[in-house]
Amino acid sequence: MGETFEVNSLEEMCSMMCDNVVPKRKKVDKLKVNKILGTMVGLAVGDALGVPVEFMNREQIRNKYGVLDKMVGGGTWGQKPGATSDDTAMALAVAEGIIKDPKFPVVPIGEKFIEWYSTRPFDVGIFCASVIQKVMLMDKVDRWSWIRAAEEYREES
């Protein structure tokens, strides 16, 4: 099993990702840390801009907002301005899972998915919810559980 890390900030998470995913170096490459941090922040900002317009087409967005260039609330989910969706939550879960076990991250990523799902988020994709629920019902969870659950869902649907 991989080493467990406690992550207290996005910068620390990015630094750990560089240490664990990129070949070991004596000092952290600040450029890589900044790229990872920028990617994660960009994902969250883009997601937060998109939450209030989810399921709207281009014309509906233009009619309601013109150009959407600031954080607004509302939308299908009635969220506050700046709220992020399952996209950001699951991307962070993937990043944290990779930090926890860079060689075999499936189980720690899955643990983070279950932890997030247990908070009862406002939106979860049908496929993701179904697979997570299937895994939660399993007696033993390993990296193959996720594959089995996804295959079962695919066959059922």
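This is a predicted model: local features need pLDDT of at least 70, side-chain atom pairs count only at pLDDT 80 or more; totals for chains, interfaces and linings use all residues.
Visitor: What share of the residues is buried?
Guide: Of the 157 residues, 29% are buried, where buried means under 20% relative accessible area, exposed over 50%, and partly exposed in between (1.4 Å probe, protein chains only).

Visitor: Turning to helix 5, which residues are buried there?
Guide: They are V107, P108, I109, G110, F113, W116 and Y117. These buried residues pack against helix 4 (86–100), helix 6 (126–136) and helix 7 (143–156), a contact being heavy atoms within 4.5 Å.

Visitor: And how far does helix 5 reach from its first C-alpha to its last?
Guide: Helix 5 (residues 106–117) reaches 16 Å with 12 residues, close to the 16 Å expected at 1.5 Å a residue. The expected span is 1.5 Å times one less than the number of residues.

Visitor: How many salt bridges are there?
Guide: The count comes to six, a salt bridge being a side-chain nitrogen of Lys or Arg within 4 Å of a carboxyl oxygen of Asp or Glu. One of them joins E96 and K112, whose closest N and O atoms are 3.6 Å apart. That pair links distant parts of the chain, since E96 is in helix 4 and K112 in helix 5, 16 residues apart.

Visitor: Which residue meets K100 in a salt bridge?
Guide: The partner is E111, at 3.4 Å from N to O. K100 lies in helix 4 and E111 in helix 5, so this pair ties together parts that are 11 residues apart in sequence.

Visitor: What about K134: buried or exposed?
Guide: K134 counts as buried, at 18% relative accessibility. Its salt bridge is with E152, the closest N and O atoms being 3.7 Å apart. Here K134 in helix 6 is linked with E152 in helix 7, 18 residues away. E152 counts as partly exposed at 35% relative accessibility.

Visitor: A change of topic: where is S85 found?
Guide: S85 is in the loop between helix 3 (58–65) and helix 4. It is buried, with a relative accessible area of 5%. Leaving aside neighbours within four places in sequence, S85 is in contact with D47, V51 and F122.

Visitor: Which non-glycine residue has a positive phi of about 75 degrees?
Guide: That is F55, in the loop between helix 2 and helix 3. F55 is exposed, with a relative accessible area of 62%. R120 also has a positive phi, of about 60 degrees, without being a glycine. R120 lies in the loop between helix 5 and helix 6 and is exposed, with a relative accessible area of 74%.

Conventions:
Residues are numbered from 1 along each chain as its sequence is written. Side-chain values use heavy atoms; hydrogens and water are left out. Helices (H or I, at least four residues) and strands (E, at least two) are DSSP runs, numbered from the N terminus.
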